[in-house]
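Subject: Structure for you to look at

Dear colleague,

I am handing over the structure we spoke about, and below it you will find an account of what was found. Please read the notes with the structure open beside them.

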Amino acid sequence: MPETTPKGLTGLAFGGDYNPEQWPENVWHEDVRLMREAGVTMVSVGIFSWALLEPARGTHDFGWLDRLLDLLHENGIRADLGTPTVAPPAWFYREHPEALPVAADGTRYEFGSRGAICHSNSDYRAAAASITTALATRYADHPALALWHVHNEYGVPVSACYCASCAAHFRRWLARTYKTVDAVNEAWGTAFWGQRYADFEQINPPRVTPTVGNPAQALDYKRFADETMRENFVAERDILHRLAPGIPVTTNFMTALSQCDSVDYWAWGREVDLVTNDHYLITDGRRTHVNLAMAADLTRSVAGGAPWLLLEHSTSGVNWQPRNPAKSPGQMARNSLAHVARGSEGAMFFQWRQSRRGAEKFHSAMLPHAGTDSRVWREVVELGASVESLTSVKGSRTVADAAVLWDWHSWWAQTLDWRPSEDHDPRERADAFYEALYDRHLTVDFAHPEADLSAYPLVVVPALYLMTEAAGNNLREYVGHGGTLVVSYFSGIVDEHDAVHEGAYPGALRDVLGLTVEEFSPLLKDDRVRITGPDGSELTGDVWTEFVVPRGAETVWTYADGLTAGHPAVTRHRLGEGSAWYVSTRLGAQGLDALIGWASDDARIAPRADLPRDVEVVRRSGESGTFLFAINHTSSDAKVPLDVAGTELLTGERAAGRLVLPAGAVRVVRLDG
């Protein structure tokens, strides 16, 4: 089995991307001195260095990297060494311009950014294998090497290419996947609009067409593009495994739904030795700490519940959003330790020293332009000490209370053209349901719809338009054996080929929900509907309504107005030993809180009314003990009840009864026993 933790790293990882090639070599010694002052334990190097490592085809210059790795080792700093295959050099594109990707409209991108790669291109694949082999051969036994870092953020900014090379590769993929062209015709429903193919050679990528193209073809192309990137990762990984055994291999994910939508991270999580993630706050007015918690929970779930590593986030503001505010005092530490609470084995940043040139010169860094006499630097040093004090947390696992089902294939299918309402956004529903669970202080795992769900008393389905028959059977079995299920509208509608399940909606979920839907009735922009309960209480829905017909389910809330007036809006179906809830409109925060509250009662999950809003309490547990992380995102002091006394690791103080949690602070209690 490959190693799954960075070699030689005895504590948690703390550091960031280090790009010494941007600075004179005399600066390196100052950098390393300051790294030691800050408590840095690992840095990522070489990620964008292909042009320096191989200035001409077959000509390598490793001298500078030799000196850098030696310097890091001499100072006790581990290296996460990149294969620089995200940024081929100018000479490569001069020789192979066809390796530049082509957009769906036929535009070929130019050199001058990053990630401009046709992943089907054989010349790119050969060149990537060559530089990876050269690096592994030279550095496999270097004492600083802790981790291999393949490529960078696959899927960003380009995931799919539509060139002739990709067309040929796509045909091979289809032949391997479907065996015959008749099977492709059946899966894609090509009888519609006369799109039937007689031969694989007639099939092209879903390039720009006069009107909407075939949705099943577009969905398969998303799968193909994702698998093609993954083929290239696996090729590099296998070279590294062969030449540098004992060193784990990763690539940095971007699991947050706000950051990358083109990668099936369930599949990628099975290919890396250690799941790592990059996360950046989206400053769109939302509660950014909720998005952070959601991304961390999703990353941990992609890792199968095992510890993972935050490989990039920012010390303060970024530079690529319309507005890029600085983080408030203490926010960097809260952000970092919130990731650790939810399973990360450390906190890494982009980047160590802030760049003077290039596209990211206004992106914050551990060592800012202002230098060491700055708030950011002082907070970095303080955080380094905090991370060191949490060494005993290493290897423990985050404990979850509930699960949210998510599937990237369903997201891809849902976002194709010509759906009943452009106002229904699966990401928005996932965010909203997660926030409702977060506000009830429930720690969430994410799970694939076909995964074993028996460990969870409560499972939530915010948006699964695409659902296989196997997934539907899985949920029916889960509820029958005592689970509590909550399902939101427009779920269970199509199979893996975007074909509507036979019979009434919601095909894959009819039995478990005990109902059918005769017709969707999306609302016009800004329209609202009232829904009422048996006690006369009232909630509001928007975006979507449905004509629901109970087939064993009981009506809990009813539409009070609109086209669906008098029809069920929220239902509950008792099946076997469990229950399944269904909501057929888009509820706001108040409605979702009520819904999750009813379902939590069914699941026998006790409410945490003793915790204030925006105070997180998360547990990690393992051989080294049980750790309670308490994180206060508010401007007021809070008190967190403790069932068991313990020692607070950041201050060294004893904690019993109630843990005092200052405004904006983090406390980590190692519980006794």
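One place to begin is a meeting of two helices, where Y124, R125, A128, A129, T132, T133, A136 and T137 of α5 are in contact with T228, E231, N232, E236, I239, L240 and L243 of α8. Sorted by class, the residues of this contact are seven nonpolar, five polar and three charged. Please keep in mind throughout that the model is predicted.

Two packed helices are described by the angle between their axes and the distance between the axes. Here helix α5, residues 122-139, packs against helix α8, residues 215-243, at an angle of about 25°, and their axes lie 9 Å apart. Because angles under 35 degrees count as roughly parallel, α5 is described as roughly parallel to α8. The crossing of these two helices, α5 and α8, is right-handed.

Turning to the strands, β2 (residues 42-45) holds S44, a residue that counts as buried because its relative accessibility is 1%, where under 20% is the cut-off for that word. Apart from neighbours within four places in sequence, the contacts of S44 are G16, D17, Y18, D80, H149, L311 and M348.

Strand β2 pairs with β3 in the parallel sense over four bridges, and in that pairing V45 has L81 of β3 as its bridge partner. Strand β3, which covers residues 78-83, is mostly covered, with six of its six residues buried; R78, D80 and G82 point one way from the strand, while A79, L81 and T83 point the other way. Strand β3 also pairs in the parallel sense with β4 (residues 145-150), this time over five bridges, and there the bridge partner of G82 is H149.

With best wishes

Technical notes:
Residues numbered from 1 in each chain as written. Predicted model: local features only at pLDDT ≥ 70, side-chain atom pairs only at ≥ 80, totals over all residues. Heavy atoms only, no water. Buried < 20%, exposed > 50% of the residue type's maximum accessible area, 1.4 Å probe, protein only. Contact = heavy atoms within 4.5 Å. Axes fitted to C-alpha atoms, helices over the stretch in contact; angles between N-to-C directions. Parallel < 35°, antiparallel > 145°, perpendicular 65-115°, else oblique. Left-handed = near helix turned anticlockwise from the far one by under 90°. Nonpolar A, V, L, I, M, F, W, Y, C, P; charged D, E, K, R; others polar. Pairing = 2+ DSSP bridges.
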